[in-house]
Amino acid sequence: MRPAAAREDLAQKTGERVARAYGMTQLPIDPFAIAAAEQIEISALPAGEGGVSGVFLMSGLQAAILYRASPRHPGFERFSVAHELGHYFIEGHPEMILSGGGRHESRAGFRGTRSAVEVEADHFAAALLMPPPAVQAVLARAPIGLEAVRRLKAEAIVSMTAAAIACARHAAHPMAIIVSRGQAVDYAFLSPGFRRLGRLIFPRKGDPLPAGATASFNLDAAKVRKAATATGHCRIGDWFDIDRDIDLDEEIIGLGRSGRTLTVLSSEDLPAEDLFGSEPPGSDQPWSPRFR
C-alpha cells in the first residue's frame, strides 16, 4: 500500500473509532458534542477570515476550533468542525501543528495541491460523520442511485458531494459518481462493485464530458445554480474505456453556487452478489475527492 493511502486509511479508521467511542452509532453524528466532551472550545470565525473554512488552535494540551458559520448550510458547518477534529485525533497531526506555531488553517475544496494532512482530515471527517454501518443501513432502505445520496445527505446532515462519495464507497450495487464543471470532468469516484465490471480507464480531471444528459444539463448554468435535476440513460462505454455493453441510469443534480454538477451512474439490473470482495484501502480513488 502506498504511504499516502495507508495514512488515509488510518484517518478513516480513526474517525470510525471516535464515533464508536462516543456511542454515536445513529445518524446524525454530532461533532460539536464530541468537541465539547474533549473540552475543545468552538467559536465562529471572525468575518474578516476570508477563504478560510476552519482553524485548529493548540497551546500545550489545550485546543480550540474556529469554524465558518453558515446557518443555511449546516452540512458545511458540521464537516468543517469534523475536519478540524481530525487534526486533534489523527496520529501525528497535533505534533505537526504545535511545531508550526499552534495554528493550522483549512480551506474547503482544492486550491492547487492540497497537503497530506488536509486530505487525511477530510477522510477522518467523512468517516466520523458517516460511519460505514450507518451508511449501509441507509443504503439498505433506499433505491439505488441519486435517491440514496439524497437520503444519506438528509440523515447525516452533510453535503450532497460528501454523501455521494460515502454512498459509492459502501454501495452493494455498482455506483459511480462524477463531478463536473461546464463540459469537463472534475473528478470521479467508483464503488468497488463498479470497478469489478471490468478493467476501466477512468475519466480524469479536465477530460471532456461525453455527449449525453450531463453535457446537455451543464449547458444551462441556471440549472446548476438552482440545484435542478435531470435523468437519462447511457452506456458504460460512454464514460469509461471498457469492452462491455452495459446500460446505466444517469441521474444529475446541480451543486449550486459551486458551479459543479453531480452525476450518479447506477443500475438496478446489476446484481449486488457479484460485487463483494476485498480491495486494498485507497484503491477506490483515482485521485483525492472533494468532500465539501
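How many salt bridges does the structure hold? The structure holds 10 of them, a salt bridge being a side-chain nitrogen of Lys or Arg within 4 Å of a carboxyl oxygen of Asp or Glu. This is a predicted model, in which local features need pLDDT of at least 70 and side-chain atom pairs count only at pLDDT 80 or more, while totals for chains, interfaces and linings use all residues. Residues are numbered from 1 along each chain as its sequence is written, and side-chain values use heavy atoms, with hydrogens and water left out.

**View A. Helix H3 and its residue Glu84.** Helices (H or I, at least four residues) and strands (E, at least two) are DSSP runs, numbered from the N terminus. Of the 16 residues of H3, 13 are buried, so this helix is largely enclosed by the rest of the structure. Here buried means under 20% relative accessible area, exposed over 50%, and partly exposed in between (1.4 Å probe, protein chains only). Glu84 itself counts as buried, at 0% relative accessibility. Its side chain joins that of Ser106 through a polar contact of 2.8 Å; such a contact is a pair of N or O atoms within 3.5 Å, where within protein one must be able to donate a hydrogen and the other to accept it, and residues adjacent in sequence count only if both atoms are side-chain atoms.

**View B. The largest nonpolar core, with 56 residues.** A nonpolar core is a set of buried Ala, Val, Leu, Ile, Met, Phe, Trp, Tyr and Cys residues joined through side-chain atoms within 4.5 Å. Among the residues that touch the most other members are Leu85, Met130 and Leu262. Helix H8 (residues 160–170) gives the most to this core, with 8 residues.

**View C. A salt bridge between Arg141 and Glu155.** The closest N and O atoms of this pair are 2.8 Å apart. Arg141 sits in helix H6 (residues 132–141) and Glu155 in helix H7 (residues 146–156), 14 residues apart. Arg141 is partly exposed, with a relative accessible area of 49%, and Glu155 is partly exposed at 31%.

**View D. A salt bridge between Lys205 and Asp186.** Their side chains meet at 2.6 Å, N to O. Lys205 lies in the loop between helix H9 (192–195) and helix H10 (213–218) and Asp186 in strand E6 (residues 184–190), so the pair ties together parts that are 19 residues apart in sequence. Lys205 is exposed at 58% relative accessible area, whereas Asp186 is buried at 5%.
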